Structure formats: structure tokens, C-alpha cells
Amino acid sequence: MSTRRASKRRRTVQKEEAEDRKKQQVKEENEAEVNGGSKTKSPVVVLAHGAGAPSTSDWMIRWKEMLTEALNAAEVVTFDYPYMLGGKRRAPPKAEKLVDFHSNVVKEVAAKYPGHPLIFAGKSMGSRVSCMVAANGIGASAIICLGYPLKGANGATRDELLLQMDVPVMFVQGSKDGLCPLEKLEAVRKKMKCVNELYVIDGGDHSFKIGKKHLQLAESTQEEAEKLAVHAIATFVSNHMKGDDF
């Protein structure tokens, strides 16, 4: 019982500290504007879920928290595509049919945070739709693809969209991801016209889950592996934004 109370107190303290950091961040940004400073505003991230789980899944919540902290984000916005609503699990429509809804979410976020760098991020299908939104002309400073589904249902390599991208793209992929063979992704990356990078989570599957034996051999943990990936994301975003402010 005492352990539970201690854990609850710890979470409360962490939440209060995060709120204090956010207030200080807003204060500094306002002071910079008043003083005519050129300090870059903190980024805002729009994080889209994958095909099979909503924005309230453990995976999405965990990555939202990690990205918020690593990028010092003003906010990491998550949402659910319409097919996820209503409490009944349904198969997703074609990714192209989700672009308009996703675009409207992005526009609302951009209006709420004028002047803040906008980062698109997504898990699997959500990363593909994020790329579609960017390709349609809605500006982003960078796109973070968390487990990009390069391989289509028929096994074909879906590279046409990636070859259109003209903003920096970072791929985070598990080395055992069957939906994105690394050798095929490497071939596509060489053909892409935009700046792009790849971070591989060794032993990770499509959702970055690493087997126990692999972790034991690597003398690591799932949390450590994911934190290293998030650190790489923060470095990538920082390197491709003006006036880095992380």
C-alpha cells in the first residue's frame, strides 16, 4: 500500500514539475517577443496513431510523453481518426481517405500555436498519412516516421510517396519489422530528394518491441532502447530547425 502511495506521489510531483517547466517556457517566449528577440518558439508535434490502436493506447501515451520531454514541445497533439470513434473496432479505410481529416487537425493546431515549428509524427499508418498531408502542401519543419509501413498488402514496395517528400524525414524502425525490410528502405532513402535519416532499434518489431533474450544479450531494457531512439529524434529535429531551442 505504501509503495502505491509513493508511486502516486512521484507521478504527482513529476506532473507538477512538467507544468512548471511549461509555464517557464511560455514566459521566456513571451519575454523574447516583447524584447524583440529572435528566440525560436518550441515545436508543436501532431502525432497520429497506427491502424490498430487509438491515441489512448499505452504505446501512444508513452511516446507522447517521451516526445514532449525530448523535444521540449509546447504540445504533442494526438487524435483519433473517425473510424476509431464510437467504441467499435473497425478496419481502417485506405490511407488516402484519412488525409482530409488529418489535415484539418493540423490546421487547427497551427492556428492554436502561430509561429511554432510544426512537426508531423505518426506510428505506422499514421506516419504514412502524415507524409501525405505534407505532400499536399501543408507545411512541416520535419516528419518523424515511427515504424513506416513500406511494404504494402501485396508485398510491393510503396515508395512513390516518399520520393515526393521535400521536408526532412526521419525513420525509426525495428530491425525485425516485417513491414519495412531495412535493405528496401535503404534503397528508397538513396532515391529520396529530401534530407532523411534512419535510426534502427536493434531487435525491435513493427512496434519496436524487443524480445527478452535479445535484451538480456544486449544488457539493456525496452525503456533504454526507446529513450535512445527518442534522443536521436530530438537531435534530428534540432539539426533541421532554425534557431534550435531544445
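Let's start with a crossover: strand E1, helix H2 and strand E2 make a right-handed β-α-β unit. Right-handed here means that, with the strands pointing away from the viewer, the path from the first strand over the helix to the second runs clockwise. The helices (H or I, at least four residues) and strands (E, at least two) are DSSP runs, numbered from the N terminus. A word on the source: this is a predicted model, where local features need pLDDT of at least 70 and side-chain atom pairs count only at pLDDT 80 or more, while totals for chains, interfaces and linings use all residues. Residues are numbered from 1 along each chain as its sequence is written, and side-chain values use heavy atoms, with hydrogens and water left out.

Back to our unit. E1 and E2 pair in the parallel sense over five bridges; to count as a pair, two strands need at least two bridges found by DSSP. Within that pairing, Val 45 stands opposite Val 76 in E2.

Now, is E1 buried or exposed? Five of its five residues are buried, so E1 is largely enclosed by the rest of the structure. By buried I mean under 20% relative accessible area; exposed is over 50%, and partly exposed is in between, using a 1.4 Å probe and protein chains only. Val 44, Val 46 and Ala 48 cover one side of E1, with Val 45 and Leu 47 on the other.

Let's step out to the whole sheet. Six strands form an open sheet in the order E2-E1-E3-E4-E5-E6, and the pairing is parallel. At the edges sit E2 (75-79) and E6, each pairing on one side only. From one strand to the next, the twist averages 15°. Axes, by the way, are lines fitted to C-alpha atoms, for helices over the stretch in contact, and angles run from 0 to 180 degrees between N-to-C directions.

Two helices I'd like you to find on this sheet are H4 and H8. H4 packs on the sheet and touches E1, E3 and E4, its direction making about 145° with that of E3. H8 packs on the sheet too, touching E3, E4, E5 and E6, and its direction makes about 170° with that of E6. Contact means heavy atoms within 4.5 Å.

Next, please look at strand E3, residues 118-123. Six of its six residues are buried, so E3 is largely enclosed by the rest of the structure. On one side are Leu 118, Phe 120 and Gly 122; on the other are Ile 119, Ala 121 and Lys 123. E3 pairs with E1 in the parallel sense over five bridges, and there Leu 47 stands opposite Ala 121, while Val 46 stands opposite Phe 120. E3 also pairs with E4, again in the parallel sense over five bridges, with Ile 119 opposite Ala 142.

What do E3, H4 and E4 make together? A right-handed β-α-β unit. In H4, 10 of the 11 residues are buried, so this helix is largely enclosed by the rest of the structure. Its buried residues pack against E1, helix H3 (99-112), E3, E4 and helix H5 (160-164). After H4 comes Gly 137, whose phi is positive, near 105°.

What about H8, residues 222-239? It has 18 residues and reaches 26 Å from its first C-alpha to its last, close to the 26 Å expected at 1.5 Å a residue; the expected span is 1.5 Å times one less than the number of residues.

On to the cores. A nonpolar core is a set of buried Ala, Val, Leu, Ile, Met, Phe, Trp, Tyr and Cys residues joined through side-chain atoms within 4.5 Å. The largest one has 41 residues, and Phe 120, Ile 143 and Met 165 have the most contacts inside it. H4 gives the largest share of this core, six residues. A second, separate core of 30 residues includes Ala 121, Ala 142, Ile 144 and Ala 232.

Last, two loop residues. Most residues other than glycine have a negative phi. Phe 208, in the loop between E6 and H7, has a positive phi of about 75°, and Glu 219, in the loop between H7 and H8, has one of about 50°. Which is buried and which is exposed? Phe 208 is buried, at 0% relative accessible area, whereas Glu 219 counts as exposed at 74%.
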